[in-house]
Amino acid sequence: MRKIKALIGIIVLSMLMFSCNSGAKENTQKSDSSIVVVDTSSAVSNDAVSSGESQSTVDVKADVPKIFIYSFHVTNRCASCIAIEESTKKVLNTYFKNEVNSGQIKLNILNVDDKENEKIAEKYQAFGSGLFVTRLFKGKESTTDLTGDGFKYARNKQDKFIEVLKGKIQEYLK
């Protein structure tokens, strides 16, 4: 019975990881200028990125947690991947604009097919689409994988996904 459950888990995980390789055309989107996005997969940019600012150059007080959101995708993106990214940007722009502007929260949109993203993709074991929220505070790192919730809710139940992501970010800001 445990072998069957493990096999089912592997199949579901594989479906999530490779669902975006279905051959959908790449969707190039403009970045919302109010959120700082580090996007190494396309020409998406804003003032912070075009000026060469990176997550390590932002000065946030050491006693304040930093939140890094990593949205991984493959070159050919499906509708669910796009919905996850759009919903994530909506959450940041609506509820956490001050934290994003101060550098306390960073959104990183990364194409796992790009060689330059290989190490970070390996760290998060992102070989396809993925959404990870990482908290760095007092030298400790905590990460939550929201990929499953993203695929489950972002496209058809956006309000539910927004609630989940917003709750996790609020928890990590404490």
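Glu-85 and Lys-89 form a salt bridge, with the closest N and O atoms 3.1 Å apart. A salt bridge here is a side-chain nitrogen of Lys or Arg within 4 Å of a carboxyl oxygen of Asp or Glu. The model is predicted: local features need pLDDT of at least 70, side-chain atom pairs count only at pLDDT 80 or more, and totals for chains, interfaces and linings use all residues. Residues are numbered from 1 along each chain as its sequence is written, and side-chain values use heavy atoms, with hydrogens and water left out.

Both partners belong to helix H3 (residues 79-95). They are 4 residues apart, which means a separation of about one helical turn. Helices (H or I, at least four residues) and strands (E, at least two) are DSSP runs, numbered from the N terminus. An α-helix has 3.6 residues a turn, so residues three or four places apart point the same way. Glu-85 is buried at 3% relative accessibility. Lys-89 is also buried, with a relative accessible area of 8%. Buried means under 20% relative accessible area, exposed over 50%, and partly exposed in between (1.4 Å probe, protein chains only).

Glu-85 has a second salt-bridge partner, Arg-77, with an N to O distance of 2.5 Å. Arg-77 is buried, as is Glu-85. The structure holds 5 salt bridges. Another of them pairs the side chains of Lys-123 and Glu-141 at 2.8 Å, N to O. Lys-123 lies in helix H5 (residues 118-123) and Glu-141 in strand S5 (residues 140-145), so this pair ties together parts that are 18 residues apart in sequence. Lys-123 is partly exposed, with a relative accessible area of 47%. Glu-141 counts as partly exposed at 44%. Salt bridges with shared partners join Arg-77, Glu-85 and Lys-89 into one network.

The geometry of H3 was also examined. Its 17 residues should span 24 Å at 1.5 Å a residue, and the end C-alpha atoms are 24 Å apart, so the two values agree. The expected span is 1.5 Å times one less than the number of residues. Buried positions in H3 include Ser-80, Cys-81, Ile-82, Ala-83 and Ile-84. Ser-87, Thr-88, Val-91 and Leu-92 of H3 are among the buried residues too.

The largest nonpolar core contains 25 residues. A nonpolar core is a set of buried Ala, Val, Leu, Ile, Met, Phe, Trp, Tyr and Cys residues joined through side-chain atoms within 4.5 Å. Ile-69, Leu-92, Ile-105 and Ile-169 touch the most other members. Two or more residues each come from S2, H3, strand S3 (105-111), S4, helix H6 (147-153) and helix H7 (158-173). H7 gives the largest share, 6 residues. Leaving aside neighbours within four places in sequence, Ile-169 is in contact (heavy atoms within 4.5 Å) with Ile-69, Val-91, Leu-92, Phe-96 and Ile-105. A second, separate core has 10 residues, including Phe-68, Leu-110, Val-112 and Ala-121. In soluble globular proteins, nonpolar side chains tend to be buried together.

Thr-134 lies in strand S4. Its relative accessibility is 2%, so Thr-134 counts as buried. A polar contact of 2.9 Å joins its side chain to that of Thr-143. Such a contact is a pair of N or O atoms within 3.5 Å; within protein, one must be able to donate a hydrogen and the other to accept it, and residues adjacent in sequence count only if both atoms are side-chain atoms. Beyond four places in sequence, residues that Thr-134 touches include Lys-66, Ile-67, Phe-68, Tyr-70, Tyr-124 and Tyr-172. Glu-141, the salt-bridge partner of Lys-123, is also among the residues touched by Thr-134.

Two loop residues other than glycine have positive phi values. Gln-125 has phi near 55°. Gln-125 sits in the loop between H5 and strand S4 (130-137) and is exposed, with a relative accessible area of 59%. Lys-138 has a phi of about 50°. Lys-138 occupies the loop between S4 and S5 and counts as exposed at 65% relative accessibility. Most residues other than glycine have a negative phi, and most peptide bonds are trans.

Asn-76 is found in the loop between strand S2 (66-73) and H3. Asn-76 is partly exposed, with a relative accessible area of 36%. Asn-76 and Asn-111 are 35 residues apart along the chain, and their C-alpha atoms are separated by 9.6 Å.
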